[in-house]
Amino acid sequence: MVLLSAAAVRARCAIVSEAVCRGETRHFRLVPARLDEAARRVVDITRRRYPDLNVPLHSRWRHFTAGGVDRADLIAPGAGEAETARARIDAAAVSALLDAGAGPGWHYHEAETDQVFSRSEGLAVASIRAMQAGIFSADPANPWRADAEALVELTPEKLGRAFQHTAGNQILGLEGRTQLMRRLGSVCASSACLFGAPARLGGIYDHLSARGMVLPAGELLGILLQAFGAIWPCGISLGGVPLGDCGRHSAVPDDRLVPFHKLCQWLAYSLVEPLQAAGLRISELDGLTGLAEYRNGGLFLDCGIIKPRDPGILRRPLDALSEPVVEWRALTVSLLDHLAVLVRQHLDMSPEEFPLAKVLEGGSWAAGREIAFERRPDGSPPLTIISDGTLF
């Protein structure tokens, strides 16, 4: 299925972006002259965050170190190389797939450090502490697992307790997140060739390592998209194949479909480090795309590169699958590729030295958050998206 690939994300987003450039779409226009301003902002924050320019890859592992605590060291203490890889894949997969917007009012208090986190860092810390408590494991003696048997039995009450969801501290889309985890467990249980027996998310390590020691990032994403296609609730499919994070836009001929695969690409980025630590080399990282989510997309809106044709769109809630949101996300993917070129020019680095994953981490995501707080006291994105906790 061609749409289950990063290449399809790039190609379909380019179709929408080119239509916007020609003035043929209804929702946004582009001001390309302002892209260098965004690049300079990204370079500035990259230099502040990583003065030596030794920028790690954009992945869930960065959020696991929120507040200066390296929680990766907690995972599967004393385990061998292969089991450590499986456990880290378990942790990354659960956390990445739970990483849709939590809402501006939710926070997580980490009892172990007495620190409070919100948004993506809060979700990361909450998920790894939930795994430490064993809520995703079917083996009480071994909490560092994400087993199909435990995932399919997960309830909103159990997940809500782990994420400190209360009347005064509500996380968006708790029911949707729970259902996503339950579907994840079902898919895992039905695919022994990928996830082993008894089935666990980290079992995919054995499948991937058996393919050889070099794995292109695009191939890794393709495996994840094929494996997890059935977990997404949006219902868009083609020829009976679920397409996951995919929308429709009238600028695209024929089927009008525009794939993004944000959470699966986020997961692919997040599996690079545990797989490489176990001896696999993930090649061609720029085969993945930038992530079509509200920090990257918010950067382009707040910098005035993407301009709404109707300013009222900034004041009303939008469905995540509506055409304005699809158009915004498509522009985000395409603009991130252009932004990466400018950032590298400013830093005098090559694509090999500074791949897109480092531009994102340095980078565009942090710059999107910073400008959001400059423009709005609560740091909310410039567009209000109705979320069920399963998309972005």
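How many of the residues of H5 are buried? In this predicted model, 13 of the 14 residues of H5 are buried, and the helix is mostly covered. The length of H5 is consistent with its residue count, because 14 residues at 1.5 Å a residue should span 20 Å and the end C-alpha atoms are 20 Å apart. Just after H5, Gly134 adopts a positive phi of about 85 degrees.

A search of the whole structure identified 4 cavities of 30 Å³ or more, and the largest cavity has a volume of about 170 Å³. The lining of the largest cavity comprises 16 residues; Asp99, Ser120, Lys262, Glu293 and Trp365 are those that lie nearest its centre. Two elements, helix H5 (119-132) and helix H12 (262-277), each give two or more residues to this lining. The largest share, 3 residues, is provided by H5. In terms of residue class, the lining of the largest cavity contains 8 nonpolar, 4 polar and 4 charged residues.

An open site was examined next. The second largest pocket has a volume of about 210 Å³. Its lining is formed by Ala14, Ser17, Glu18, Cys21, Leu30, Pro32, Leu35, Leu331, Ser334, Leu335 and His338. Helix H1 (6-21) and helix H14 (323-347) are the elements that give two or more residues to the lining of this pocket. By class, 7 of the lining residues are nonpolar, 3 are polar and 1 is charged.

Helix H15 (residues 356-375) shows a kink of about 30 degrees, centred on Gly362. H15 is mostly covered, with 16 of its 20 residues buried.

The structure contains 3 aromatic pairs. One of them, formed by Trp61 and Phe64, is edge-to-face, with 5.1 Å centre to centre and 75 degrees between the planes. Trp61 has a relative accessible area of 6% and is therefore buried; Phe64, at 0% relative accessibility, likewise counts as buried. Another aromatic pair, between Phe195 and Phe228, is stacked, with 5.8 Å centre to centre and 25 degrees between the planes. This pair links distant parts of the chain, since Phe195 belongs to helix H9 (residues 192-195) and Phe228 to helix H11 (residues 217-228), 33 residues apart. Phe195 is buried, because its relative accessible area is 1%, and Phe228 counts as buried at 2% relative accessibility.

Key. Residues numbered from 1 in each chain as written. Predicted model: local features only at pLDDT ≥ 70, side-chain atom pairs only at ≥ 80, totals over all residues. Heavy atoms only, no water. 1 Å grid on protein atoms, 1.4 Å probe; cavity = no way out; pocket = protein on both sides within 12 Å on 5 of 7 lines; lining within 4 Å. Points joined across faces, edges and corners; volume = space filled by probe spheres on them. Helix = DSSP H or I, 4+ residues; strand = E, 2+ residues; numbered from the N terminus. Nonpolar A, V, L, I, M, F, W, Y, C, P; charged D, E, K, R; others polar. Bend = angle between axes of the 7 residues up to and from the residue. Buried < 20%, exposed > 50% of the residue type's maximum accessible area, 1.4 Å probe, protein only. Expected span 1.5 Å × (residues − 1). Phe/Tyr/Trp six-rings, centres within 6.5 Å; stacked < 30°, edge-to-face > 60°.
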